[in-house]
Each structure stands twice: as structure tokens, then as C-alpha cells.
Amino acid sequence: MSCRTGQTRIRKRLKYHRMPCFLPARFIIPFMLNVHVIDHPVIQTKLSELRDQSTDTRAFRLLLDEIAMLMTYEVTRDWPTVKRGVRTPMEETTGEVLARPVTLVPILRAGLGMADGVKRILSDARLGHLGVSRNEKTLLPDSYYAKLPPDVKETEVLLIDPMLATGGSAVYAIDFLKKQGVTSLKFMCLVAAPEGIDTLHAKHPEVPIYCCAIDRQLDERGYIMPGLGDAGDRLFGT
Ligand code: PRP
Ligand code: URA
């Protein structure tokens, strides 16, 4: 690919198709079907600390973990349950349990920083891994690893990654999961750019997107503004 074609492609990828409205996209998108912004005050407080450039690796890990745990209640709210008999110390009764097993799929690397927090709530969840790295020049996703439970298609799948920027990594991961037969899937991130939501929604409109914030836009390098910088680097100290 020539440099010029590459630049054009990046510009096209970064272009957000604005809606015919004077409001910025981040005010409109929450009303779109399948986009859920979790604006709980405790989560927002932790997210502000996470964004702060003076937050060190140790605090960043803790905050990412805590936010992922708190988000999980909201993200799993509509999962189906089945009735199950249970004997209390007093008598027989009927309880409810999740209808299907759960598979958690972090997109490596940064998604790993959310996995323990989610597992604290969904302690029986199995873990799949997808290694996807965004090429810094083309902004296109490069895949380098994939390992999923063999029966992943029978499960509720939660795909996790703190950042939805151009949407390339998430679209790649969802394409891959669908090829494995996954039908019940949610995408969970912390910070989303309007461009990424637009791209993901266009390719996979039925996949719900859960985030804590929709930021203003991408910059010319494909970073979310104001964002929180490079999530993987801040998480792993690289
Ligand atoms: C980051 C982030 C997402 C991706 C988002 O990962 O964790 O996976 O970028 O960007 P996109 O929406 O434009 O695809 P990165 O590729 O930097 O890899 P890392 O987690 O190993 O640092
Ligand atoms: N990946 C990140 O880690 N941060 C961004 O702002 C965009 C992509």
C-alpha cells in the first residue's frame, strides 16, 4: 500500500458520518438502539481518576478492575434465568439461576485489566482470549492469538476491552466470535469514541455496546480525545 493510499484510508477510517443535527454525536448516540452509557456516579468518579495522567500503573490497574466489576451488574441485567429448586434450611423453594454458562473474552492486552473485576461477579465464567493489536500506521487490527472454550457458542459471551476507538479491533473480534457460532454477545468498554460506535453499530447492529463514557472524537493518530491515553501501556507500564 502506498503512503498516500494509506493516509487516505486512515482519514476515511477516522471520518465520522455526522448525523443531520447540530448536537455533537456524543449527545445523540446514547439514544441509539443498543448503546448503553453507564453513568453511575461512583463509576464516573473512578473513571475521572483513571483518566488523570498522574494516575500511576498501580492505581490504574486497581481502578480499571473496580470499574469493570461495577459495570458487570448493569451489563448482565437482562440475561435470561431459569427456575431451579433449592432446599433452604427451612423448606423447599424455587430460585433462579443464569440460563446459560458465561464466557468472558478480553481483547489482549488491555482487556486483561478488566477480566478479574468481571470474574469477581461472574465467578463461574470461563475465559477465552483474543490477541488483537492495532497497527499504529494503518490503524487496522492485527490478530496474533485466539483461544476459546470449545462450547463457546452455547454460552453468553462478554467481550471486554477498555477502549473503542476506530472500532477495528472490536469489529475483528466480533467477526471472529460469530464465525465460531457465538450468537449471544455483548461488548463492554470504558471509553468509546463516536467513530468506533458508528463503525461497530454499522457492522454488528444487534451487539449491545456498554460503556462509561462517549468521548468527543479521535485525533489524527486514532487516539480517543480526551480519552485516557494508551490503555495497554498505562496498564502494563510499557
Ligand atoms: C487498544 C485497545 C483496543 C484498541 C482500540 O489496544 O485496548 O484493543 O486499541 O482501538 P481501535 O478501536 O481503533 O481498534 P492496542 O491495539 O493498542 O493493543 P494493546 O492493548 O496490546 O496495547
Ligand atoms: N487505544 C488506546 O489504548 N487508546 C486510545 O485512545 C485509542 C486506542
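Colleague: Is the crossing of α6 and α7 right-handed or left-handed?

Modeller: A crossing is left-handed if the near helix is turned anticlockwise from the far one by less than a right angle, and right-handed if clockwise. In this predicted model, the crossing of α6 and α7 is right-handed. Residues are numbered from 1 along each chain as written, chains are lettered from A and ligands numbered from 1 in written order. Local features require pLDDT of at least 70, side-chain atom pairs pLDDT 80 or more, whereas totals for chains, interfaces and linings use all residues; side-chain values use heavy atoms, without hydrogens and water.

Colleague: At roughly what angle do the axes of α6 and α7 cross?

Modeller: Helices are DSSP runs (H or I, at least four residues; strands are E, at least two), numbered from the N terminus. Axes are fitted to C-alpha atoms, for helices over the stretch in contact, and angles run from 0 to 180 degrees between N-to-C directions. Here the axes of α6 (residues 168-179) and α7 (residues 194-203) cross at roughly 20° and come within 9 Å. α6 is therefore roughly parallel to α7 (under 35 degrees; over 145 is roughly antiparallel, 65 to 115 roughly perpendicular, the rest oblique). In the contact (heavy atoms within 4.5 Å), α6 contributes A170, V171 and I174, and α7 contributes T199, L200 and K203. By class, these are 4 nonpolar, 1 polar and 1 charged (nonpolar: Ala, Val, Leu, Ile, Met, Phe, Trp, Tyr, Cys and Pro; charged: Asp, Glu, Lys and Arg; polar: the others, Gly among them).

Colleague: How far apart are the axes of α3 and α4, and at what angle do these helices pack?

Modeller: The axes of α3 (residues 41-51) and α4 are 10 Å apart, and the packing angle is about 155°. That angle makes α3 roughly antiparallel to α4, and the crossing is left-handed. On the α3 side the contact involves V42, I43, K46, L47, E49 and L50, and on the α4 side F60, L63, L64, E66, I67, L70 and M71. This contact of α3 with α4 has 10 nonpolar and 3 charged residues, and no polar ones.

Colleague: Which residues of α4 meet α5?

Modeller: L64, D65, A68, M69, T72 and Y73 of α4 meet α5, where their partners are G113, M114, D116, G117, V118, R120 and I121. The residues of this contact of α4 with α5 divide into 7 nonpolar, 3 polar and 3 charged. Helices α4 (residues 57-75) and α5 (residues 112-121) pack at about 45°, with axes 7 Å apart. The two are therefore oblique to each other, and their crossing is right-handed.

Colleague: Which residues come nearest to ligand 1?

Modeller: A residue is near a molecule or strand if one of its heavy atoms lies within 4 Å of it. Ligand 1 has 15 residues around it, of which R109, R134, D161, T166 and S169 come nearest. For polar contacts, one looks for pairs of N or O atoms within 3.5 Å; within protein, one must be able to donate a hydrogen and the other to accept it, and residues adjacent in sequence count only if both atoms are side-chain atoms. A polar side-chain atom of S169 lies 2.6 Å from an oxygen atom of ligand 1. The side chain of R109 places an N or O atom 2.8 Å from an oxygen atom of this ligand, and G167 has a backbone N or O atom 2.8 Å from an oxygen atom of ligand 1.

Colleague: Which residues surround ligand 2?

Modeller: R134, M163, A165, G222, Y223, I224, G229, D230 and A231 surround ligand 2. The backbone of G229 has an N or O atom 2.8 Å from a nitrogen atom of ligand 2.

Colleague: Where is the cis peptide bond with P226, and what is the phi of L139?

Modeller: Most peptide bonds are trans, and most residues other than glycine have a negative phi. The bond from M225 to P226 is cis, with omega near 0°, and P226 is in the loop between β15 (224-225) and α8 (231-236). A cis peptide bond also joins L108 and R109, with omega about 0°; R109 is in the loop between β4 (102-108) and α5. L139, a residue other than glycine, has a positive phi near 65° and is located in the loop between β6 (129-134) and β7 (141-147).
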